Amino acid sequence: MKKFTAICLAAFVAALVFMGCNSDSYIPSENTASSVAVYSFALSEDDSVLKNLDTVFFSIDLNKGLIFNGDSLPYGTRTNKLVPRIRMLEGVSVANLIETSEKGEETIHDYLTNPDDTIDFTRPVRLQVSSPDGMAARNYTISVNVHTMKSDSLVWDRNALRTLPTNLGGTLQKQQTAQTADGLYCLTYNGSAYCMAHTADPFADNWEYSVPALPANARIETFSAAEDALYILAGTVKSSQLFRSTDGGATWTGTGKTWSHIIGSVTGKLVGTSNADGTWRYTEYPAGSIDGQAMPADMPVSGMSQPVTFSFPLSGGLQATFVGGRLADGSLTDAAWAYDGTEWAKISIKPIPAKLEGMTLVPFFTFKTSIAWVVTEYSVMMAFGGSDGTKNNRTVYISSDYGMTWAKAGDLAQLPEYVPATAFANGFVYETTLGSRSTGAWTEMPFTGRIPAGALFAAGSSLSRATKPVESWECPFIYLFGGTEESGALSNNVWRATINRMTFKPIL
C-alpha cells in the first residue's frame with residue numbers, strides 16, 4: 001500500500017512538472033513585467049492611406065509606456081482608420097485600445113476579440129494590457145506621428161523677416177554683406193553716409209554698428225571677405241585698386257593689385273578678374289600660379305554668384321563653385337565654374353535652365369525617404385534669384401552633384417509670393433541651436449496658405465541634429481541679404497529660411 005501511494009505521489013508531481021513545462025512559462029511572482037510587455041507594434045498594409053504603411057517602424061519604450069514612430073508620416077496622411085498589429089505575451093487577459101475624443105469621451109476596442117478593428121490614431125490611443133492571471137496590468141500611450149508641415153520642402157520661415165541692419169536714416173541706396181571667420185559684416189549706404197554692422201550670430205540678431213573709413217571711390221558692390229579680412233575695390237571697373245581691412249572696416253590698406261571685379265574667397269585666396277590692359281585676366285590675392293593669366297572667352301568676368309566652397313570626394317582638397325554671370329562680350333551664361341586652387345574649369349554638364357547674372361548660391365540639404373522608411377540627408381547646392389537683363393528670376397534650381405547638373409527644384413522649394421525676386425542678393429548659411437524662437441528685430445510673416453498653420457516645432461524627425469536633453473537641437477538657416485528688385489530699388493530686407501524637417505524637435 002505504501003508503495004502504491006508513493007508511486008501515485010510521484011506521478012502527481014511529474015504531472016505538475018509536465019504541465020508547467022507546457023505552459024507559457026508564466027510565473028507572475030517572478031515575471032510580472034514581461035507578462036504585460038508589448039513586444040512589437042506595426043500598422044497593417046493599406047495603400048489607400050499610404051504605400052508601405054506596414055513597414056513604418058515604431059519604437060517601444062517599456063519604461064515609460066510609450067509606443068511611437070520616431071520619423072513622422074508625411075503631412076496629410078490620414079490616421080483615423082488604421083488597423084494595428086500588436087504582439088504581446090500569449091494568453092494576456094486584457095488588451096484594450098481606448099480612443100479619447102476631443103470632449104474626453106472614450107471608445108474601447110477589445111483587441112483580443114476584434115483584432116481587425118480600425119482605430120482612430122488622430123489623437124494618442126491608450127493600450128491597456130493585463131497579465132494572464134489578471135494580477136499585473138500596464139497602460140501604454142500609442143502615438144502615430146504625422147508631420148504638421150510638408151517636411152521636405154524649403155519654406156521661408158514665417159517669422160524670418162527683418163530690415164537690413166544699419167543705424168543710417170533715410171532710404172538705403174546700396175548694401176553688400178560679407179562673411180569672415182568671426183561672422184557677418186553688412187555694409188550699407190544711404191547716399192551720404194556709410195554704416196558697418198557686424199554679428200557673430202544672425203539668428204540672435206545682436207548687431208554692432210560702426211562707421212567704416214572706406215577708401216575714396218569705393219565700389220560698394222565689390223565689398224567681399226576672406227577668412228581673416230575684408231576687401232573692397234576703389235576706382236573704376238577698368239582700373240580699381242584692391243583694399244584690405246583686418247579691423248572690421250575701421251581702416252583700409254591698399255594691396256597694390258589692380259582688379260575689375262571680385263569673385264570671392266576660394267581655398268584661402270581672394271579671386272577676381274582684371275581688364276586693366278584690355279585683356280580679361282585671372283587675379284588672386286595673395287598672388288598664385290594663375291594670377292595674370294588670360295581667361296577663356298566662355299568664362300564670365302562679372303555678375304557670377306558668390307562661390308560656394310566644398311570638399312569633392314575625388315579632388316583631395318577644397319574646391320569652389322559659382323554659377324551664372326556675364327561674359328566679356330556682354331552676353332549671359334548658364335554655366336557653373338569650379339576652382340581647386342590651381343585652375344578654373346567649366347563643370348556644368350547640364351547647366352541651369354536660364355542665363356542669369358547676380359544669382360544667389362548656397363549649400364544646403366534635401367531628404368529622400370526609401371520604401372523602408374529610411375530617411376537620408378543629401379548635401380545640395382541651391383541657386384535662385386538673379387536677372388536675365390529684363391526681369392528678375394523667381395525660380396529655385398538645385399544640384400546634388402556639386403554643380404555638374406542642375407534642374408528646377410520641386411514646387412514646395414520655390415520662393416513664396418511674399419519674398420520678392422531679387423538679383424545680386426547675398427546668401428549665407430548658419431547652423432543655429434533651436435529650442436526657442438529668436439528675438440531682436442525678426443517679425444512674423446502672415447500665413448499665406450502655402451504651408452498649413454501650426455507650431456513651428458513639431459515632434460518628428462530622426463534626422464534633426466539632436467543634442468541631449470532634447471530641449472535644443474541644431475538647425476541650418478539660409479540668410480538672404482538685400483539685393484536689387486525689378487524696379488532697380490534696393491530690397492531693404494533680410495529673409496531667413498530652412499527646410500521644415502530641420503525645425504522639428506527630435507524624439508530620442
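1. Let's start with His 261, which touches Arg 219, Leu 233, Val 237, Gly 272, Thr 273, Trp 280, Val 301 and Ser 302, leaving aside residues up to four places away in sequence. Contact here means heavy atoms within 4.5 Å. His 261 sits in strand 19, residues 261-266. Helices (H or I, at least four residues) and strands (E, at least two) are DSSP runs, numbered from the N terminus. His 261 has a relative accessible area of 18%, so it counts as buried. The classes are buried under 20% relative accessible area, exposed over 50%, and partly exposed in between, with a 1.4 Å probe and protein chains only.

2. A word on the ground rules. This is a predicted model, in which local features need pLDDT of at least 70 and side-chain atom pairs count only at pLDDT 80 or more, while totals for chains, interfaces and linings use all residues. Residues are numbered from 1 along each chain as its sequence is written, and side-chain values use heavy atoms, with hydrogens and water left out.

3. Now the overall picture. The secondary structure comes to three helices and 33 strands. Of the 508 residues, 48% count as buried. Among contacts between residues at least 6 apart in sequence, 58% join residues at least 24 apart. The protein exposes about 23500 Å², and carbon and sulfur atoms supply 53% of that area. Accessible areas come from the Shrake-Rupley method with a 1.4 Å probe; for residues, only the protein chains shown count as cover.

4. One sheet to look at is an open one of four strands, in the order 11-12-13-14, with antiparallel pairing. Its edge strands are strand 11 (174-180) and strand 14 (208-210), each pairing on one side only. From one strand to the next, the twist averages 20°. For angles, axes are lines fitted to C-alpha atoms (for helices, over the stretch in contact), and the values run from 0 to 180 degrees between N-to-C directions. Two strands pair if DSSP finds at least two bridges between them. Strand 12 (residues 183-189) and strand 13 (residues 194-199) pair in the antiparallel sense over six bridges. Thr 188 has Cys 195 in strand 13 as its bridge partner.

5. Some backbone angles deserve a look. Most residues other than glycine have a negative phi, and most peptide bonds are trans. Asp 205, in the loop between strand 13 and strand 14, has a positive phi near 65°. Phe 424 also has a positive phi, near 65°, and lies in the loop between strand 29 (407-408) and strand 30 (426-434). Are these residues buried or exposed? Asp 205 is buried, with a relative accessible area of 11%, whereas Phe 424 is partly exposed at 39%.

6. There is also a cis peptide bond, joining Tyr 285 and Pro 286, with omega about -5°. Pro 286 is placed in the loop between strand 21 (281-285) and strand 22 (308-311).

7. Finally, have a look at Thr 251, in the loop between strand 17 (240-245) and strand 18 (253-259). With 46% relative accessibility, Thr 251 counts as partly exposed. Thr 251 touches Arg 244 and Ser 245, again not counting residues up to four places away in sequence. Thr 251 and Leu 214 are 37 residues apart in sequence and 7.3 Å apart in space, C-alpha to C-alpha.
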